[in-house]
Every structure is written in structure tokens, then in C-alpha cells.
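Opening my notebook on this one. I'll jot down what I looked up, one stop at a time.

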Amino acid sequence: MESARAKKSLGQNWLRDEAALNYIVQQADLDDSDFVLEIGPGRGALTQKLAEVSSQVLAIEIDQDLIAILNKIQAHNLKIEQGDFLQFNLDQLPAGYKVAANVPYYITSKIVQKLLTAENRPSKIVLLVQKEVAQRLAAGPGEYSVLGISAQVYAQVELGVIVPAESFEPVPKVDSQVVILNPKNRFNIKNEKVFFRAVKAGFSERRKKLRSSLAGGLHLSKPEVEDLLKRARVNSDLRAQDLSISDWLKITDQLSKN
């Protein structure tokens, strides 16, 4: 594939490891009936492979300088679109589309959030992300973060292979990892706004115990929070990262009654 200078401002690191590229395609479980969305195709190494095994590929690239290179890929089922994925309307894609991409570290969270909360969600998402972010997405109680809870509310999250920094050009400072998300309604959240307000409040001061972090984040007194947690049957001595998603749902139910 033709050379191009990576732009640090766009978080560009070209994946050049054939095994890793093939692994991403394999995990996306593609056949000739699948429509695939690729975010940030870069110089097109993954794009070419996706086009070989799927019905149609739409690759959205924000960097105008890469469009000419991408347009040289010989594939009748490939469409290149220049633009910002975060501004892209997912409703125009066919139902059941899949996503496969090596995404910039600095906007991974926003990409995951957009895909999982969209009205027209993909049927499968395979992303190569910073290893630390992949671990946060898949973490369980004790290591939870807002990102992990947000992802696992909407999807089953699995970790794939680790891709060492040396597999990229230029070489980043950290390793990457493939993460596989299977979107599905895993939990019945009656009030998403209240749910995420509670979660963000809890993690606003993650070193503090729940009674303190929720009091500060929700602008309630500690006695009010103690009463709320007692009704939710959640231990107020715990910290936000220790709670299960079911615990947060119980807190949300009690908050909604107030």
C-alpha cells in the first residue's frame, strides 16, 4: 500500500501485521452478505481484506490526504467517504451491519458510545484499541469504570489477541488489543438518564466510599444517600468500581422514586 505520513494530531498508527489484520477480519465473522463499516481506514490495509470477504464496505476517513490512496484500492464493493465518523448518521446503514476497525486511541470511548447507543446499532463490533482501554471495556466488579459499565449495559464484551506496539507504524508507546462487542439488550434500564447520572456520580470520586461519592455527585446529603442505598440493599462502604451493574440498576430504581 502506498506510503503516507501519519498525523499525530489524528492518532494515526498504521497496523502492518498481517496476522493481526487477518484476525480482525476473522473475528468480524464476515460473509458475502455482510455490510461492513470501517472507521478510520488509514492507508487501507484492513480495508482491502474486508472488501475481499464481504458484500459491501463503507470506509469513513477524516484525513483528506488519505482519500486519494484509498481510492486506488481495486474493489467494486468499496465506498470511501471523507468525513468525521462522530458526525455520521448511522441510520442510513442497512440493519445488521458490522463494524471492523483500528481506531484512534483518543476517540475510542466516543466511538464505542456512538455505536452502542445508536438507534440502528451494528450486529457486531470488532475494534483494535489501546490495550488499557480494551481491559477497561471488559472489566468486572472491582475494576469497573464508567466506560466498562457503559459498554456492558449494551453489549457482551470479549477480549481478543494483544497486538504489540511494534506491529504499527509509527510505533506507539503502548500495546493494543482487539475487543469484540456483541450488541444486545442485556439489562432493562427504565431510566437511562438517571442510571448514567448515578454511575458518573459514583465514579466522580472513585477512591471515596459510595456514601461520599454519591452525596457529592448527586448533591444529596450523606444521610439521604445512606437511606437510598439501604433501600437499594447496596453496602454504602463499597466504592463505585466494586458494584455490579445490577447494583447500579437498584440504585437507579430508588433514585427514580425520589
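Predicted model: local features only at pLDDT ≥ 70, side-chain atom pairs only at ≥ 80, totals over all residues.

**Stop one: a buried glutamine**

I checked Q130, and it counts as buried because its relative accessibility is 17% (buried is under 20% relative accessible area, exposed over 50%, partly exposed in between, with a 1.4 Å probe and protein chains only). Residues are numbered from 1 along each chain as its sequence is written, and side-chain values use heavy atoms, leaving out hydrogens and water.

I found Q130 in strand β6, residues 124–130 (strands are DSSP runs of E, at least two residues, and helices of H or I, at least four, numbered from the N terminus). Skipping neighbours within four places in sequence, Q130 is in contact with Y105, V174, D175, S176 and Q177 (contact means heavy atoms within 4.5 Å).

**Stop two: the sheet**

I traced an open sheet of seven strands, in the order β4-β3-β2-β5-β6-β9-β7, with mixed pairing (two strands pair if DSSP finds at least two bridges between them). Its edge strands are β4 (78–82) and β7 (155–163), each pairing on one side only. Then I looked at β2 (35–39) and β3 (56–61), which pair in the parallel sense over five bridges. V36 has V57 of β3 as its bridge partner.

Which residues of α6 and α7 make the contact? I noted V146, I149, S150, V153 and Y154 on α6, with E192, F195, F196, V199, K200 and F203 on α7.
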